[in-house]
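The exercises below ask the reader to classify residues by their cover, their place and their backbone angles. Each task is followed by a worked solution.

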Amino acid sequence: MLANSPPHTDLIATVSNRFHFKAIVYILVILFGLGTWTNLAGVWIQLPIITPILPESWHLPAKLTLIINSANIFPILIVFASLVFKFNTSSFEVPVNFVLLCTSILFAIAFAFLWDKTADLFGTKQSVYLMGLCFITAITDCLSSTTFIPFLHRYEPIYLNAYFTGEALTALLPAMIGITQGIGKSDCVLFGNETNGTLIEVHHQPQYSVQTYFLLLSFLPLSALIAFTILQFMKTGRSKIKSTPVKSEHKPSSIFILMDNIEDIDVIQNTIATINNIEDKFKKPKKKPNQLKKFLMSEPGIFLFIVFQCSAMLYGVCQGLTTFSLNAYSVTTFHYTIITSQFAYPVMTLVGAFIPEVSSKIIYSLYAISTGLFVYIFLTAKLSPCPPLVNQMFGHLIIFFVWILMNLTCSYIRILMGNYFRKNLGHRGLICFGIATQLGALIGATTNFALTNTFELFKERNICDKTLQCF
């Protein structure tokens, strides 16, 4: 062997090390994704347990949905300010992310000890501590949409799917903890004698308390904070392509006409007028069509509307209808549907890793399917306390799978849209994607709150009321 032969073994080792480092970064980005929406996901998992206990009862999901989504106004204002004043948000994404992750840990501990505390508000008892914590937590989580995802613009595109995987686990892991916790039982106990007595629903504790649940949940944002700290010291996976301004190939030009031996003044004036007209055509910009209308009719505009409506349906309206659509069937149906729905996003994230892009026709088909499923969910809530097939197991199965399919289709649409805007519009596209999601959820929650609390369109069902007959 020659003394100067290429070191093949070292080259293979170097490539292997790079692969291992990239795999480590991929795992760290997944853990980083655990830092957002974890606490609020835990609140939704606990709804079947806390709804019968807290004074808001079946109206609790609608109020929490409005409070949580009203926090969306803060990141929207930040983004609009960045557009108006044209400052770059990337400069403070890292310190803001550190603050958000630390507060997420503290809020999980606060939920554990304050979720059932009530206070008098407007003459009635209200779960002000739970609602206050949800509002503040929602602000930090919504801000994370404008700092977490754009922060990943520094990395190669493959790590965006890693983040979506971590974000999906913020629903999956709280759900798995909820499975071990269980739902507890409820019985109808007779108070008084058999003639004048009243049947009252009595609830029994699950395997462990709500307090223990949130303390266990606090380890998820803690792992996200550790992972994000490690990422700051690693350069592996960073994107090496930097966008450079495109220089225009068109240069301003002037028109010169050489006039010689022109004696007629009229000819001179006509020539000057012609020159002026030609120069005006070059100087005056052509009238552009309505840019807003043009954008709304374009593919990115239509896709933003789909993101907006899917967010309004799933994160705005449906979340506020969980009790009326599911609890009307049974608390068991309510519990296991909420738990299983949390698996939809991780499953579709896995699908998105292998099929990150599909044709526009498939996207429109998924959008139409999700809209149809939403209509059925809304009808079951409207027909509460006697939704379709409420006394038959087949009815329980139908509403269970409708909710699951609704979560599956909307989750996949979200992943497809995230990849689309990341690929075609870059950093600004991801911000628009996040804003459309938040704005849709806010409008959906506001609409649902009005229908639920103002117009009282939906009715509760008392399982101990034997006079109510549903056929």
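Predicted model: local features only at pLDDT ≥ 70, side-chain atom pairs only at ≥ 80, totals over all residues.

**Exercise 1. Cover of a helix**

Task: Determine how many residues of helix H4 are buried, and which they are.

Solution: Step 1. Helix H4 runs over residues 60–70. Step 2. A residue is counted as buried when its relative accessible area is under 20%. Step 3. By this cut-off, 10 of the 11 residues of H4 are buried, and the helix is mostly covered. Step 4. The buried residues of H4 are Leu60, Pro61, Ala62, Lys63, Leu64, Thr65, Leu66, Ile67, Ile68 and Asn69.

**Exercise 2. A buried asparagine and its contacts**

Task: Classify asparagine 448 as buried or exposed, and state which residues it touches.

Solution: Step 1. Asparagine 448 lies in helix H19, which spans residues 426–454. Step 2. The relative accessibility of asparagine 448 is 1%, so this residue counts as buried. Step 3. When residues up to four places away in sequence are set aside, asparagine 448 touches Ala62, Gly316, Val317, Gly320, Leu321 and Phe458. Step 4. One of these contacts, Ala62, is itself among the buried residues of H4.

**Exercise 3. A nonpolar surface patch**

Task: Identify which residues make the nonpolar surface patch and which helix gives the most to it.

Solution: Step 1. The patch is made by Leu216, Phe219, Leu222, Ile226 and Ile230, and has an area of about 440 Å². Step 2. Helix H10, residues 219–231, gives the most to this patch, with 4 residues. Step 3. Isoleucine 230 is found in H10. Step 4. Residues of such a patch need over 30% relative accessible area; isoleucine 230 has 37% and is partly exposed. Step 5. An α-helix has 3.6 residues a turn, so residues three or four places apart point the same way.

**Exercise 4. Backbone exceptions in loops**

Task: State where serine 57, leucine 389 and proline 385 are placed, and describe the backbone at each position.

Solution: Step 1. Most residues other than glycine have a negative phi, and most peptide bonds are trans. Step 2. Serine 57, in the loop between helix H3 (47–50) and H4, has a positive phi of about 55°. Step 3. Leucine 389, in the loop between H17 and H18, also has a positive phi, near 55°. Leucine 389 is partly exposed, with a relative accessible area of 35%. Step 4. Proline 385 is placed in the loop between helix H17 (360–382) and helix H18 (393–424). The peptide bond from serine 384 to proline 385 is cis, with omega near 15°.

How values were computed
Residues numbered from 1 in each chain as written. Heavy atoms only, no water. Buried < 20%, exposed > 50% of the residue type's maximum accessible area, 1.4 Å probe, protein only. Helix = DSSP H or I, 4+ residues; strand = E, 2+ residues; numbered from the N terminus. Patch = residues over 30% accessible without salt bridge, like charges linked within 9 Å, V, L, I, M, F, W, Y side chains within 5 Å. Areas by Shrake-Rupley, 256 points an atom, 1.4 Å probe, with all protein chains shown as cover. Salt bridge = Lys/Arg side-chain N within 4 Å of Asp/Glu carboxyl O. Contact = heavy atoms within 4.5 Å.
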